[in-house]
Amino acid sequence: MTRLDPHSYADDTQPRTSSLRWKARVDFDAKVIHAEATLTFAAPGEGPLDLDTRDLDVASVVDAQGRAQAFSLAPADPVLGARLHVELPKNTTTITIKAGGEYTAVS
């Protein structure tokens with residue numbers, strides 16, 4: 001693993017994202033955000049992908065065909081947050097992460 005930034009789980013040997021499409025639904029009464037992030041890679045990839053998260057409940061990770069992908073969410077680190085680890089099958093071009101989490105309203 002080659003981490004260029006000591007404040008991130010990002011690894012420059014893993015697939016590089018070329019675009020991000022993000023959709024969210026905010027439940028203001030419950031103070032919860034439900035979101036879906038679709039990452040498209042610069043080139044088809046495979047193997048481990050580590051992403052930074054903070055205070056998320058990850059529900060699923062799927063590929064472009066909607067097939068579930070193996071993932072794990074590590075315990076949170078106070079500085080780095082929680083590492084979302086996804087195992088990408090060969091020739092993965094896109095993944096979608098569905099997650100949610102509580103937020104604190106700022107006045």
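This is a predicted model: local features need pLDDT of at least 70, side-chain atom pairs count only at pLDDT 80 or more; totals for chains, interfaces and linings use all residues.

**Pockets, bridges and a core**

Guide: Gladly! Numbering runs from 1 along each chain as its sequence is written, and side-chain values use heavy atoms, with hydrogens and water left out.

Visitor: How do you know what counts as a pocket and its lining?

Guide: Rolling a probe the size of a water molecule over the atoms shows where empty space is left. On a 1 Å grid over the protein atoms alone, with a 1.4 Å probe, a pocket is an open set of points with protein on both sides within 12 Å along at least five of seven lines, and a lining residue has an atom within 4 Å of a point. The volume is the space filled by probe spheres set on the points, which are joined across faces, edges and corners. For the second largest pocket that gives about 210 Å³, and its lining includes Ser 8, Arg 16, Leu 49 and Asp 52.

Visitor: How many of the lining residues of the second largest pocket are charged?

Guide: Five, alongside four nonpolar and three polar ones. Asp, Glu, Lys and Arg count as charged; Ala, Val, Leu, Ile, Met, Phe, Trp, Tyr, Cys and Pro as nonpolar; and the others, Gly among them, as polar.

Visitor: And what is the volume of the largest pocket?

Guide: About 330 Å³. Its lining has 21 residues, and Trp 22, Ala 35, Ala 37, Leu 56 and Ala 99 lie nearest the centre. Two or more lining residues come from each of β1 (17-27), β2 and β5 (82-102), with the largest share, eight residues, from β2. By class there are 13 nonpolar, four polar and four charged residues.

Visitor: Why is the pair Glu 36 and Lys 23 called a salt bridge?

Guide: The rule asks for a side-chain nitrogen of Lys or Arg within 4 Å of a carboxyl oxygen of Asp or Glu. The closest N and O atoms of Glu 36 and Lys 23 are 3.6 Å apart, so the pair qualifies. Glu 36 sits in β2 and Lys 23 in β1, so the bridge ties together parts 13 residues apart in sequence.

Visitor: How many salt bridges does the whole structure have?

Guide: Three. Another joins Arg 83 and Asp 50, with N and O atoms 3.4 Å apart; Arg 83 is in β5 and Asp 50 in β2, so parts 33 residues apart in sequence are tied together. Arg 67 and Asp 63 also pair up, at 2.8 Å from N to O.

Visitor: Why is Asp 50 called buried?

Guide: Buried means under 20% relative accessible area, exposed means over 50%, and partly exposed lies in between, using a 1.4 Å probe and protein chains only. Asp 50 has 7%, so it is buried.

Visitor: What makes a set of residues a nonpolar core?

Guide: Its members are buried Ala, Val, Leu, Ile, Met, Phe, Trp, Tyr and Cys residues joined through side-chain atoms within 4.5 Å. The largest such core has 12 residues, among them Phe 41, Val 61, Leu 88 and Ile 95. β5 gives the most, with six residues. Ile 95 is in contact (heavy atoms within 4.5 Å) with Phe 41, Val 61 and Leu 88, among others, leaving aside neighbours within four places in sequence.

Definitions and conventions
Helices (H or I, at least four residues) and strands (E, at least two) are DSSP runs, numbered from the N terminus.
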